[in-house]
Amino acid sequence: MIAKIGFVTVSDRASTGVYQDLGGPAMVEWITKALTSPWQAVSRLIPDDQPTIEATLRDLADQDGCCLILTTGGTGPAKRDVTPEATEAVCEKMMPGFGELMRTESLKVVPTAILSRQTAGIRGASLIVNLPGKPSAIADCLAAVMPAIPYCVDLIGGPFLETDPAVCQAFRPKQK
Ligand SMILES: Nc1ncnc2c1ncn2[C@@H]1O[C@H](COP(=O)(O)OP(=O)(O)OP(=O)(O)O)[C@@H](O)[C@H]1O
Ligand SMILES: Nc1nc2c(c(=O)[nH]1)N[C@H]1C(S)=C(S)[C@@H](COP(=O)(O)O)O[C@H]1N2
């Protein structure tokens, strides 16, 4: 079965056409470079509205069967930033190490990295990972956490994801 990956841009302004969504395409581009095994994208562009974010994440996990769902945007302290709350609401298990590592790596690039509350969690057989809204943050964060994602997907019963070692050295403690 082909791996499905969900890409969710959470942005009031991009979703209403105030600016073009650069975050969604940046996530797809990074994953295209990193993965060598077959996969298929399922993309969504939605406003910073918690019920909409939750419904979108549930849909991508339960109906589309995405093994990995990446979100961008809505992780900061502003009133309408609720992506981490929506993620936590739909996940059975939180994976705090992802947020810790992404903030640590982003701090090397920008001092305001501590303003992102980005997190990750597991819903069924889906790993959901939040990325900040700044399109440049996507590569910073994915480079940090992607090495651990294929093994995490193995552990939750997902497809065997293979990476291009020139882009991302996936680490599996024991071979499946
Ligand atoms: N999806 C996107 N595409 C292009 N640029 C983006 C996107 N999301 C954020 N940005 C850029 O990053 C900056 C900081 O992100 P901000 O936290 O304001 O985004 P946001 O919360 O997604 O925005 P919005 O107000 O639309 O919900 C924005 O001013 C914008 O320049
Ligand atoms: N790598 C990286 N991380 C980053 C940033 C960035 O430019 N690069 N921006 C920070 C800023 S300014 C904010 S407010 C938070 C939250 O952004 P979001 O609300 O768009 O998700 O992410 C932070 N993390």
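**Helix packing and its surroundings**

Tutor: The crossing of helices α3 and α4 is right-handed, a crossing being right-handed if the near helix is turned clockwise from the far one by less than a right angle, and left-handed if anticlockwise. The model is predicted: local features need pLDDT of at least 70 and side-chain atom pairs count only at pLDDT 80 or more, while totals for chains, interfaces and linings use all residues. Residues are numbered from 1 along each chain as its sequence is written, and chains are lettered from A and ligands numbered from 1 in the order in which they are written. Helices (H or I, at least four residues) and strands (E, at least two) are DSSP runs numbered from the N terminus.

Helix α3 spans residues 50–63 and helix α4 residues 83–90; their axes come within 9 Å and cross at roughly 45°. Axes here are lines fitted to C-alpha atoms, for helices over the stretch in contact, and angles run from 0 to 180 degrees between N-to-C directions. The two helices are therefore oblique to each other, since angles under 35 degrees count as roughly parallel, over 145 as roughly antiparallel, 65 to 115 as roughly perpendicular and the rest as oblique. From α3, Q50, I53, E54, L57 and R58 meet T83, E85, A86, T87, A89 and V90 of α4, contact requiring C-beta atoms, placed from the backbone, within 7 Å. These residues divide into 5 nonpolar, 3 polar and 3 charged; Ala, Val, Leu, Ile, Met, Phe, Trp, Tyr, Cys and Pro count as nonpolar, Asp, Glu, Lys and Arg as charged, and the others, Gly among them, as polar.

Two residues of this contact, T83 and T87, are also touched by N130, whose other partners include T71, Q118 and A120, not counting residues up to four places away in sequence. N130 lies in strand β6 (residues 126–131). It is buried, with 27 other C-beta atoms within 10 Å (buried: 20 or more; exposed: 12 or fewer; partly exposed: in between; C-beta atoms placed from the backbone).

The contact joins G23, A26, M27 and W30 of α2 to P135, I138, A139 and L142 of α6, and comprises 7 nonpolar residues, 1 polar and no charged.
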